[in-house]
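Here is a short tour of a structure that you can follow with the model open beside you.

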Amino acid sequence: MEIGIALPQMGPQMTPAFLIRVAQEAEQLGYASLWVGERLLRPRRYVPFGYPPTAMPDYFKSLYDPLETLSYIAAVTRRIQLGTSVIVPFWHVPVVLARRLATLDHFSQGRLLVGLGQGWLEEEFQAANLSFRRRGNGLEDYLGALRACWGPDPVSYEGRFYRIAESDIGPKPLQPGCPPVLLGVGSAAALKRAAHLADGINPLVGSWKGLEWLLNVTTPQISKSVRPVTSMAG
């Protein structure tokens, strides 16, 4: 088993110096990967999955951007893999995100793990001028556009939501076959979607029992090629 840990990119403890210290010590101790998340904002009050309104944790008040953080850490580490847990792709133009991720793959010498998720906080979709119904709708189209950008030139793509005219788009990722794409999953439906679209999963679970349930509930129906990838990232 390989174990990854979350970088302290959010909350009062986040400083560039502390990030470097945690990353380098994790690499020296033999951890396999470092993970960062993405959060657009911290609503003062929100309704978590149908429960009464509450306050989000204070550490969501401020956090470093995931890709800038990993680029910074790539320069001070050599072996440890660097992953996003997770980026919500709908908040980014596919061409722009494809180039940013490919750039990070070069800066890290091919150590990037691309964790994507459909998102769960409605206020963030409002801030991005997106319908909350886009959460599960259009993910296949987005990944098609993203992977097209990583493919050979000339790139062209025609989908439901995204269209790319015949173009040259670079850089291409350094890793042969492109970086692994892991999808965040917290339900049986999301797990089935990941089996169809992704190279691995990033489970949203609170315990090992929860992970076992998530994997067992659809085991006969998902591809055995999809490997679980877990981290301590939120």
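## The cavity

About 50 Å³ of space lies in the largest cavity. A cavity here is a set of points, on a 1 Å grid over the protein atoms alone, where a 1.4 Å probe fits but cannot get out; grid points are joined across faces, edges and corners, and the volume is the space filled by probe spheres set on the points. The structure holds one cavity of 30 Å³ or more.

Which residues line the largest cavity? They are Leu 116, Gly 117, Gln 118, Leu 139, Leu 183, Gly 184, Ala 190 and Arg 193, where a lining residue has an atom within 4 Å of a point. Strand S7 (181-185) and helix H6 (188-197) are the elements that give two or more residues to this lining. By type, the lining has four nonpolar residues, three polar and one charged; Ala, Val, Leu, Ile, Met, Phe, Trp, Tyr, Cys and Pro count as nonpolar, Asp, Glu, Lys and Arg as charged, and the others, Gly among them, as polar.

## The model and its confidence

This is a predicted model, in which local features need pLDDT of at least 70 and side-chain atom pairs count only at pLDDT 80 or more, while totals for chains, interfaces and linings use all residues. Residues are numbered from 1 along each chain as its sequence is written, and side-chain values use heavy atoms, with hydrogens and water left out.

The chain averages a pLDDT (the predictor's confidence in each residue, from 0 to 100) of 88, and 90% of the residues score at least 70. Over residues 220-228 the pLDDT stays under 50, and the model has 18 contacts (heavy atoms within 4.5 Å) for them beyond four places in sequence. Residues 230-234 also have a pLDDT below 50, with 14 contacts in the model beyond near neighbours in sequence.

## Overall fold

The chain has seven helices and nine strands; helices (H or I, at least four residues) and strands (E, at least two) are DSSP runs, numbered from the N terminus. Of its 234 residues, 46% are buried, where buried means under 20% relative accessible area, exposed over 50% and partly exposed in between, with a 1.4 Å probe and protein chains only. Among contacts between residues at least 6 apart in sequence, 68% join residues at least 24 apart.

## Nonpolar cores

In soluble globular proteins, nonpolar side chains tend to be buried together. A nonpolar core is a set of buried Ala, Val, Leu, Ile, Met, Phe, Trp, Tyr and Cys residues joined through side-chain atoms within 4.5 Å. The largest one has 49 residues, of which Leu 7, Leu 34, Leu 116, Leu 143, Leu 146, Trp 150 and Leu 183 touch the most other members. Helix H5 (residues 139-150) supplies the largest share of this core, eight residues. A second, separate core has five residues, including Met 10, Tyr 46, Met 56 and Phe 60.

Ala 145 lies in helix H5 and is buried, with a relative accessible area of 0%. Leaving aside neighbours within four places in sequence, Ala 145 is in contact with Pro 94, Tyr 157, Tyr 162 and Ile 164. Ala 145 and Pro 94 are 51 residues apart in sequence, with 6.2 Å between their C-alpha atoms.

Ala 102, in helix H3, is also buried at 0% relative accessible area. Not counting residues up to four places away in sequence, Ala 102 touches Trp 150, Pro 171, Lys 172 and Pro 173.

## Backbone details

Most residues other than glycine have a negative phi, and most peptide bonds are trans. Where are the cis bonds to look at? One joins Ser 85 and Val 86, with omega about -10°; Val 86 lies in the loop between strand S3 (81-84) and helix H3 (94-107). The bond from Gly 170 to Pro 171 is cis too, with omega near 10°, and Pro 171 is in the loop between strand S6 (163-167) and S7.

Gln 109, not a glycine, has a positive phi of about 60° and sits in the loop between H3 and strand S4 (112-116). Cys 178 has a positive phi of about 80° and counts as partly exposed because its relative accessibility is 24%.

Key: 1 Å grid on protein atoms, 1.4 Å probe; cavity = no way out; pocket = protein on both sides within 12 Å on 5 of 7 lines; lining within 4 Å.
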